[in-house]
Amino acid sequence: MENNAAKTTAMNSDKYIETAPNVKLYVKDYGEGKPVILIHGWPLSNEMWEYQVATLIENNFRVIVYDRRGFGKSSQPYHGYDYDTLTDDLSAIIDQLNLTDITLVGFSMGGGEVVRYLSRHQAKGVSKIVLVSSVSPFRLKTANNPNGKSEEESNETAEVIQNDRIGFLDGFGKTFFGQSLLNSVLSTPLLEYYRMLCSFASPRATLECAKSFVTTDFREEMKKITLPTLIIHGDNDKIVPMEISSTVSSQLIPKNKFIVYVDAPHGLFYTHRLRLNEDLVAFLNS
């Protein structure tokens, strides 16, 4: 009984977990019940899940959020921003918190971590997955992926980030949330808050993770996913267009439910937060 309770009851605290030599990740662990791990997008941090955490706890789930290495309050090593290393970090968190029967929820870049964790760590401890606005299955333009993002475009983006990272984040945030002169979705202070969260990421991690989520091909891994899967994407996503990401993912994963949010931008965790919360809770309880 004691061991079972340890798997379902959180410490209800924030802490640092060492996942590799000289690498500590900032982790929040709240609530009681089946564990849900929320993996943030690029170049944000765990705070992006503010509008989901309370709802999940109130619906009797244990919620774990953390800052990816290089982001938020976590360590900022110079190396280790490939998906293998990032999912090894996730595995270390799962092992050290003694978690089982987990639902992994990955947003944008975090969706790639979900997929790679399943293949690299044999889905250890995981029973369900959710991909929200995910970068998977493959973003780079190649001969067999003609609709992807060209290497030239990626290099241009990297150059802009290197020249003026904060200026890039300012424009990126508006596109991220579908903000325009005619469509004011977020208040100016809230947009500035999200820009601030992104600015805390190390410049090195910002660039290296961008390379990883553009160049990593998850297609073969996704064909082998056997867990119940929920896929959510907005059809007005200008950051990760649905047609070359989640639409394809839904065709690769054998057992999935694909929900399209009409007119939703990339950052639907805020713009469509109430619907997202309802869909997450329904899937978790199914």
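Buried means under 20% relative accessible area, exposed means over 50%, and partly exposed lies in between, with a 1.4 Å probe and protein chains only. This is a predicted model, in which local features need pLDDT of at least 70 and side-chain atom pairs count only at pLDDT 80 or more, while totals for chains, interfaces and linings use all residues. Residues are numbered from 1 along each chain as its sequence is written, and side-chain values use heavy atoms, with hydrogens and water left out.

**Aromatic pairs**

- Rings of Phe, Tyr and Trp (its six-membered ring) pair if their centres lie within 6.5 Å, with planes under 30 degrees apart counted as stacked, over 60 as edge-to-face and the rest as tilted; by this rule there are 17 aromatic pairs.
- The ring centres of Y51 and Y270 are 5.2 Å apart and their planes stand at 65°, so this pair is edge-to-face.
- Because Y51 lies in helix 2 (residues 50–58) and Y270 in helix 11 (residues 268–271), the pair ties together parts that are 219 residues apart in sequence; helices here are DSSP runs (H or I, at least four residues), numbered from the N terminus.
- Y51 is partly exposed at 27% relative accessibility, whereas Y270, at 12%, is buried.
- F177 and F269 also form an edge-to-face pair, at 5.8 Å centre to centre and 70° between the planes, and both residues are buried.
- One aromatic cluster includes F177 and F269, with W42, W49 and F107 also among its members.

**Helix 5**

- E153 is found in helix 5 (residues 151–163) and is partly exposed, with a relative accessible area of 39%.

Notes: Helix = DSSP H or I, 4+ residues; strand = E, 2+ residues; numbered from the N terminus.
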